[in-house]
Amino acid sequence: MSTVEREVSRRPEPDALEPETELLTVNMGPHHPATHGVLRLVVQLEGEVVREVKPVVGYVHTGIEKSCEDKSYWKVIPFVERMDYLAYYFNMEAFCGAVEQLLELEIPPRAKYLRTIHLELNRIHSHLVWLGTSALDIGAISMFWYCFRERDRVLDLFEMSSGQRMHTRYFQVGGVIEDIPTGFAARLRAFCEEMPRRVDQYEALLDHNEIFLRRTRNVGIVPRQRLLELGVSGPLLRAAGEPWDLRKAMPTLAYADLDFKIPVGTVGDGYDRYRVRLAEVRESVRIIGQALEGLPEGPHIADQRKVVLPPRSELSTSMEALIHHFKLVTEGYRVPAGEAYYAIEGPRGELGCFVLSDGSSKPARVHVRDPSFANLQALHDMCLDGYVADLIQNLAMLDPILGGIDR
Amino acid sequence: MPDAPGLELIRQQIDEASPGAILDTSFDRRQAALICDPERVLDVLRWLHDTPGQEYRFLSSVHCADYLPAEPRFGVHYELLNMPRIERIRVKAMLSDPAASNGGAAASADPAAPGREAEEAAGMGALPEIDSCVELFPGAEFHEREVYDFFGIVFRGHPDLRRILLPEDYTGWPLRRDFPIGGEPVLFTHNEPSSPGWFE
């Protein structure tokens with residue numbers, strides 16, 4: 001726990017190597033629980049030391065981007081949700097934001113706050129799954145159960161507001177599909193009260209765990225400059241000391257009104273990555289608390305009948321509403337020709353969505369810049385000349401989601 | 001994003017540094033884009049990367065869009081980010097399809113048509129080419145491989161240009177607009193006998 005200990009290099013001594021210099025090629029994956037999905041790593045080993053890592057991806061490629069070109073805009077939302085399956089609200093927000101930019105549609109303030117609340121809940125959920133599975137990789141099995149207990153509380157909240165636990169389709173172009181139900185605010189407040197105490201417990205479990213500290217400290221350090229060159233963003237970049245967060249840099253939604261901090265690390269090792277993510281959970285709880293207190297009154301979806309479905313109650317009385325409903329459900333709305341790239345800060349980094357519209361009711365191209373895809377390139381730098389056991393730790397702290405990488 | 005006058009200033013400065021590299025600019029819905037000559041895309045990217053006061057050092061994404069039936073048809077987009085100034089700029093290089101000019105058969109819509117095999121057999125020559133920016137932005141490696149995988153755009157000088165998401169033996173460029181949706185038969189136990197040779 002002393003600072004002196006952290007300065008000791010974890011790179012193996014040259015004479016500590018096996019006597020033979022023959023390289024052994026080992027295939028890790030695609031089906032290994034420690035790869036966090038269907039990731040294959042072709043590793044070249046010299047004794048126990050990693051000399052080369054090549055990630056092979058594409059095992060869960062489902063052609064979502066191509067499928068999106070055949071769907072009208074409002075039907076694309078459930079498709080993009082299923083890319084990064086732990087950050088579905090972020091995928092929705094990236095796509096809806098890009099389409100709103102093309103439509104030049106401003107969403108009402110209440111929708112902005114509701115979106116912010118759900119995005120931050122999703123960030124907590126994503127970080128909890130990361131913490132549980134990563135601690136499991138490093139040998140702390142009990143963390144998994146504790147994290148999944150709190151994750152279920154987040155999913156309960158999602159179920160309450162949208163009816164679904166995962167892949168909720170809650171965000172719509174123009175706002176959110178429904179206002180939050182009665183009782184949601186009270187349960188959210190209770191969650192916000194409890195969550196910091198839970199984070200304290202996680203820290204108590206891991207921060208005094210000798211095995212965890214020894215396996216994460218001074219492992220997988222990549223210089224900040226190199227991370228920027230590789231296009232790495234999110235907690236990995238912040239752990240290396242770069243205070244870059246799109247929520248602060250280019251605030252969208254309600255982030256400009258809220259008070260929160262950007263946690264950064266100093267060393268950039270696995271331990272810093274863990275600390276940054278846990279601190280982000282605390283900040284997310286603060287954001288949710290503020291957004292809930294400041295939740296403005298008003299409509300939850302824009303009053304733009306050419307894009308947004310009319311309220312159900314109007315269908316039986318208003319001919320106009322029925323026509324709009326019919327047009328929107330059958331053909332969908334048309335988006336003026338143009339292209340937009342809209343990026344937000346996802347739990348793993350910059351999540352950008354590029355949408356090209358040709359003026360019809362279906363997008364001509366949807367591309368998602370997934371943070372895991374770019375971040376995975378840093379794995380080589382993290383693992384090179386380290387021990388093979390550290391590779392597992394590096395991969396765990398990298399937090400790749402293969403659904404997002406393969407799309 | 002730089003505003004519209006800021007974009008024109010950047011264009012003017014690039015014009016002075018390398019005349020003719022920028023073909024056009026567009027400022028649409030608060031997004032700035034430079035449309036550049038595909039042969040000189042590296043000049044433009046290097047200028048944006050290296051010039052003091054510009055520092056577009058972070059490459060968010062490289063992706064491609066097929067503008068069919070427009071000509072030139074492929075647009076390779078570089079989304080650049082200037083972190084100190086918090087600005088984004090898009091560099092767009094439009095590429096035409098060399099297969100379309102020497103006979104329309106090669107660009108046939110049917111993946112099973114003989115034209116596709118001919119296109120494959122013809123090798124890299126029939127594919128559109130552009131310079132790779134991996135030396136400038138090492139993070140572009142995966143993104144360029146993805147563009148190659150989906151659109152068949154060859155990045156000259158890329159260290160390891162292979163398919164990344166699709167299987168290595170896949171033929172065709174599926175995200176092109178003339179590639180049909182739903183062409184892959186899914187194998188189940190009941191239709192295994194009717195698809196002989198699938199395992200080869």
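Which residue is the bridge partner of Glu46(A) in β3(A)?

**Before you start**

This is a predicted model, in which local features need pLDDT of at least 70, side-chain atom pairs count only at pLDDT 80 or more, and totals for chains, interfaces and linings use all residues. Residues are numbered from 1 along each chain as its sequence is written, while chains are lettered from A and ligands numbered from 1 in the order in which they are written.

Helices (H or I, at least four residues) and strands (E, at least two) are DSSP runs, numbered from the N terminus.

**Stop 1: the sheet of chain A**

Select β1, β2 and β3 of chain A. These three strands make an open sheet in the order β1-β2-β3, with antiparallel pairing. Two strands count as paired if DSSP finds at least two bridges between them. Colour β1 (24-28) and β3 (49-56) of chain A: they are the edge strands, each pairing on one side only. Neighbouring strands here are turned by 20° against each other on average, direction ignored.

Now zoom in on β2 (residues 40-46) of chain A. Seven bridges link β2(A) to β3(A) in the antiparallel sense. Click Glu46(A). Its bridge partner in β3(A) is Val49(A).

**Stop 2: two domains of chain A**

Colour chain A by domain. Domain 1 covers 3-56 and domain 2 covers 64-406; such bounds come from an automatic or database domain assignment. Taken over C-alpha atoms, the centres of the two domains of chain A are 31 Å apart. The contact takes 19 residues from domain 1 of chain A and 22 residues from domain 2 of chain A. Contact between two residues requires their C-beta atoms, placed from the backbone, to lie within 7 Å.

Stay on the domain 1 side. β2 and β3 of chain A each supply at least two of its touching residues. β3(A) gives the most, with four residues. By class, this side has eleven nonpolar, four polar and four charged residues. Ala, Val, Leu, Ile, Met, Phe, Trp, Tyr, Cys and Pro count as nonpolar, Asp, Glu, Lys and Arg as charged, and the others, Gly among them, as polar.

**Stop 3: a helix pair in chain A**

Select helix α4 (residues 88-103) and helix α5 (residues 109-138) of chain A. They pack at an angle of about 140°, with their axes 8 Å apart. Axes are lines fitted to C-alpha atoms, for helices over the stretch in contact, and angles run from 0 to 180 degrees between N-to-C directions. α4(A) and α5(A) are therefore oblique to each other. Angles under 35 degrees count as roughly parallel, over 145 as roughly antiparallel, 65 to 115 as roughly perpendicular and the rest as oblique.

Show side chains. From α4(A), Tyr88(A), Tyr89(A), Phe90(A) and Glu93(A) meet Arg115(A), His118(A), Leu119(A) and Asn122(A) of α5(A). The residues of this contact divide into four nonpolar, two polar and two charged.

**Stop 4: Ile392(A)**

Jump to helix α16 (residues 388-398) of chain A, where Ile392(A) sits. Ile392(A) counts as partly exposed because it has 19 C-beta neighbours inside 10 Å. The cut-offs are 20 or more other C-beta atoms within 10 Å for buried, 12 or fewer for exposed, and in between for partly exposed, with C-beta atoms placed from the backbone.

**Stop 5: where the chains meet**

Show both chains. 27 residues of chain B are in contact with 32 residues of chain A. On the chain B side, β3 (58-66), β4 (74-82) and α5 (140-151) each supply at least two residues. β3(B) provides the largest share, seven residues. This side has 14 nonpolar, six polar and seven charged residues.

**Stop 6: the sheet of chain B**

Five strands of chain B form an open sheet with mixed pairing, in the order β1-β2-β5-β4-β3. β1 (22-28) and β3 of chain B stand at the edges with a single partner strand each, so one side of each is left without a neighbour in the sheet.

Select β5 (residues 87-95) of chain B. Seven of its nine residues are buried, so β5(B) is largely enclosed by the rest of the structure. Strand β2 (residues 31-36) of chain B pairs with β5(B) in the parallel sense over four bridges. Here Cys36(B) stands opposite Ala93(B). β4(B) runs antiparallel to β5(B), joined by nine bridges. Leu80(B) stands opposite Ile89(B) in β5(B). Finish at the hairpin of β4(B) and β5(B): it has four residues between the strands, and Ile86(B) takes a positive phi near 55°.
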